[in-house]
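Trainee: I have a model open and would like to learn how to read it. Could you take me through it feature by feature?

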Amino acid sequence: MNPVTRRPPRRRDLAMLWHQVRYEQLTFWRNPQSAFFTFVFPVVVIAIFGVMFHGGTPSPYFYGLSALGYYVATIAAVSVLGACYSQLAIVVASRRQNGILKRVRATPLPSWIYFLGLLAHCVMVGVVDVLLILGVGRLFGVPFPGVARWPAIAVTLVLGATAFCALGVAVASLIRNAEAAPAVVQFVLFPLVFLSGTYLPIHSGAVVTVAGALPVRPFNEALLGALTRSGGFAWHDLAVLAAWGAAGAVVAVRRFRWDPRPE
Amino acid sequence: MSGEPAVVVADLRKSYGPVRAVRGVGFRVARGEIFALLGPNGAGKSTTLEILEGFRARDAGRAEVLGLDPGDRGAARELRERIGLVLQDIAVEPYLTVRETVTRDAGYYRAPRDVDEVIGLVGLTGQERRKVRTLSGGQKRRLDLALGVVGDPELLFLDEPTTGFDPNARRGAWRLVRELRDTGTTVLLTTHSMQEAQALADRVAVLAGGRIVAEGTPDDLGGRDTAGARIRFALPPGCAAADLPVAAEVRGAQVTVRTAEPTGTLHRLTGWALQRGTALVGLTVERPTLEDVYLDLTGPDTAHDTPRGTPPDTAHETAEGGAR
């Protein structure tokens, strides 16, 4: 009705989103602890596997892949889990406890921009992580994926990262005490990662069925498929991931608190 | 526009379960004034403030901030553009620098203040490149204040802004708040320091037990300006209480005279003493201090008017956050 506006609001929101992502990045890279755990841990693990399995040949134990070919995919997946699920849950829980979330709430920054900023930041960190692991894998003889594979890799990464971000915020919403966050996060993740074949391929049908319905294995499988097999989209796995992401988002939206002190 | 008040509160109510933290609070804050909500811990100050800031939902009553309803989610962004908040807890990212922190928040506003100007305003010039985690507590608090004003707010909320400050830092903060008021910002603050209310506020409302028990300027609060003065001196040797020319309370050798007209009373007393060739040793004239009024208003007597069934002390403790 009123034709006079200061700036097209949508453009302003986009500028604000970019602004927010930049400061999330800055906050992340400045904190030595978060950078260390997110990057150093997966890179060290894949380097150790690289030394152990250098020059390995395809084997049925690794579903017809070389050991390192298998691990490049699963360790890349677990690094995304670290960057999105673990980091985000811990960061959000501690920001809430410190009152930083409430302080954000005190500004005109819309919450959707805040969360989209966090998500974009986590996806970027996840992508850097995956590239690092592919790089280390290449040093030990696992070829870099060809161009034809990148669409499936990109879709899998973004969908997986988004789903695990939603789950991270959901867990942060359920935790009351920030000191407990790292323990809770690991307690949930640790068994899941093992059941999902991240460190050892699983050949038990029952475990495969159960883990296949949980979020980690579908992500492993989708990434394995995109990196090594025909290079197609693992639609079934992606659908399971998306369902988990949606469930996480519902819990996050319903239970999220900005205030360190509940009403 | 400038004629309408910045804040209107009427019959505001908020309970936490059985605890009635705010029980019918009402006041108005005019544009361009510093208004203080004064009261002991647990009186309902912070709950009232948090309702006006949009952090808590009210149970009943009217609340209007710059003509907007703070409980209306649709108006939240517009309201946040026009108000500034400084909360009780220091909450700043430890790994960013001072300048980065202020620049980040400036980016959230439609028409922010200049970042360097704001850093200068809170006295952090020269510290721009320091990481927040290396700042002292007082400096972090000033950075918090910078975040409150960077959006160039029409109305600034300060929740116990100088708690934990040393006297110097406190005076600096007061100066800053007055400067903001002088440039047209309305300020609504909570405090449990009478000194702060007296030094800073144009008007004060005293809260106790979830109600406003007095409202006025720091000078006339609780009838302080018209309340009787107290004249005290030592009973001259050889005099009895009955010898005094005015009604007095004598305890031992200490005489206390309460009077609504200190000038006349004092004249009669000194005239009487001179006539008898004696002196009024230790002569003082006092008006009740704001502290006297405050203690009167919020003292244990007031707690009795809490309705039965709500133990006042424990109840208010839980009501206003176990953080302190």
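Predicted model: local features only at pLDDT ≥ 70, side-chain atom pairs only at ≥ 80, totals over all residues.

Trainee: Which residue forms a salt bridge with A:R12?

Mentor: That is B:E81, with the closest N and O atoms 3.2 Å apart. Helices (H or I, at least four residues) and strands (E, at least two) are DSSP runs, numbered from the N terminus. B:E81 lies in helix α2 (residues 76–82) of chain B and A:R12 in helix α1 (residues 9–30) of chain A, so the pair joins two chains. Another pair to look at is B:E93 and A:R95, whose side chains meet at 2.9 Å, N to O. There is also a network of salt bridges linking A:K102, A:D259, B:E50 and B:R56.

Trainee: Are B:E81 and A:R12 buried or exposed?

Mentor: Buried means under 20% relative accessible area, exposed over 50%, and partly exposed in between (1.4 Å probe, protein chains only). Both B:E81 and A:R12 are buried.

Trainee: Where in chain B are B:R203 and B:E33?

Mentor: B:R203 is in strand β8 (residues 203–208), while B:E33 is in the loop between β2 (19–29) and β3 (34–38). They are 170 residues apart, so the pair links distant parts of the chain. Their side chains meet in a salt bridge of 2.8 Å, N to O. B:R203 is partly exposed at 21% relative accessible area, whereas B:E33 is buried at 9%.

Mentor: Compare that with B:E160 and B:K45, whose closest N and O atoms are 3.8 Å apart. B:E160 sits in the loop between β6 (155–159) and α6 (167–182), and B:K45 in helix α1 (residues 45–53), 115 residues apart. B:E160 is buried with a relative accessible area of 4%, and B:K45 is buried with 0%.

Trainee: How many residues does the contact take from each chain?

Mentor: Contact means heavy atoms within 4.5 Å. By that rule, 34 residues come from chain B and 27 residues from chain A. Buried area is the accessible area (1.4 Å probe) that two parts lose on being put together, summed over both. Here this area is about 3,000 Å², of which carbon and sulfur atoms give 54%. B:R77, B:Y95 and B:Y108 supply 25% of the area that chain B buries against chain A, more than any other three residues.

Trainee: What covers the buried residues of α3(B)?

Mentor: The cover includes α1 of chain A, together with α4 (115–121) and α5 (137–149) of chain B. Helix α3 (residues 98–106) of chain B has 7 of its 9 residues buried, among them B:V98, B:E100 and B:R104.

Trainee: How many residues are in the largest nonpolar core?

Mentor: In soluble globular proteins, nonpolar side chains tend to be buried together. A nonpolar core is a set of buried Ala, Val, Leu, Ile, Met, Phe, Trp, Tyr and Cys residues joined through side-chain atoms within 4.5 Å. The largest one has 116 residues, and those with the most contacts inside it are A:I75, A:F164, A:F219 and B:V102. Helix α3 (residues 67–97) of chain A gives the largest share of this core, 18 residues. A second, separate core of 32 residues includes A:A106, B:V22, B:F27 and B:L207.

Trainee: Which residues is A:F164 in contact with?

Mentor: Leaving aside neighbours within four places in sequence, the partners of A:F164 include A:L81, A:Y85, A:F219 and A:L241.

Trainee: Is A:G50 buried or exposed?

Mentor: A:G50, in helix α2 of chain A, is buried, with a relative accessible area of 0%. Beyond its neighbours within four places in sequence, A:G50 is in contact with A:L68 and A:F140.

Terms used
Residues numbered from 1 in each chain as written. Chains lettered and ligands numbered in written order. Heavy atoms only, no water. Salt bridge = Lys/Arg side-chain N within 4 Å of Asp/Glu carboxyl O.
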